[in-house]
Amino acid sequence: MSRLKAVILAAGKGTRMNSDLPKVVHKCMDQPMVHYVIKAAKDAGALDVCVIVGYKAGEVKSAIYDIVDYAEQTEQLGTGHAVKCAKDFIGTEGDTIVLCGDTPLITGETLKALVDTHKKEANGVTVLSAIVDDPTGYGRIVRDAEGNFTKIVEQKDGTEEELAVKEINSGMYIFNSEALSASLELLSNDNAAGEYYLTDTIALIKKIGLKSSAMAVTGDKVNEIKGVNTIPQLKEAEEIMKNR
């Protein structure tokens, strides 16, 4: 049985929180946001969890009381670069879930469904997506005429037709670890932001000849992928959590 691992991105500052605290340690119902993400990963079956720290790394580590590994991202050069900082942890065995430390509403149940879909379809990568009313600001999931997932297009790079799509990228994925490790080595930062995008690994994994797909959540489950970038969004996440 191959081990399931999880990498959680928690290196960002979170400037829109207007606070000196690293974003992921802001509390949602008395627990740091990142705690819920770690718990969801473990509930989904991840035996090893690596938290990528950067901004005020010491504060993030001291706020986490779960048993986890750490990798440090000293410069913020994009999501692809952040994950690459954990390349020794990811290795080439089994599968690796990649999550964001600022999505406290994600549940182990949804991640377990993602893992099961990934295994059943024997994919190189499976994206967790969501069907929403207002997709503004999110990367869009592009599918072909048969409904097969083809790529993710960022808001600023999308055509009018692509931006009309209501299916969005949650920023959560499960990868075949070997395919992820190989594609991270090939990432380029030749884009408008000069960053290494994790989403670019998908095209690279397809080039290797592995399958990719997107599993969409709908209805109430859409709340699970909500990221927290501002204090009002944190309050909203708390309300949703209370109502569960």
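What covers the buried residues of α7? The views below start there. This is a predicted model, in which local features need pLDDT of at least 70, side-chain atom pairs count only at pLDDT 80 or more, and totals for chains, interfaces and linings use all residues. Residues are numbered from 1 along each chain as its sequence is written, and side-chain values use heavy atoms, with hydrogens and water left out.

**View A. Helix α7 and its cover.** Helix α7 spans residues 177-186. Its buried residues (under 20% relative accessible area, 1.4 Å probe, protein chains only) are S177, A179, L180, S181, S183 and L184. The cover includes β1 (4-10), α3 (79-84), α4 (87-90), β6 (95-100), β10 (167-176) and α8 (200-207). Helices (H or I, at least four residues) and strands (E, at least two) are DSSP runs, numbered from the N terminus.

**View B. D102 and K23.** These side chains form a salt bridge (Lys or Arg side-chain nitrogen within 4 Å of an Asp or Glu carboxyl oxygen). The closest N and O atoms are 2.7 Å apart. The partners sit 79 residues apart: D102 in the loop between β6 and α5 (108-120), K23 in the loop between β1 and β2 (27-28). D102 is buried at 13% relative accessibility; K23 is buried at 11%.

**View C. D95 and K119.** A salt bridge joins these side chains (3.3 Å, N to O). D95 is in strand β6 and K119 in helix α5, so the pair ties together parts 24 residues apart in sequence. D95 is buried, at 10% relative accessibility.

Key:
Buried means under 20% relative accessible area, exposed over 50%, partly exposed in between (1.4 Å probe, protein chains only). Contact means heavy atoms within 4.5 Å.
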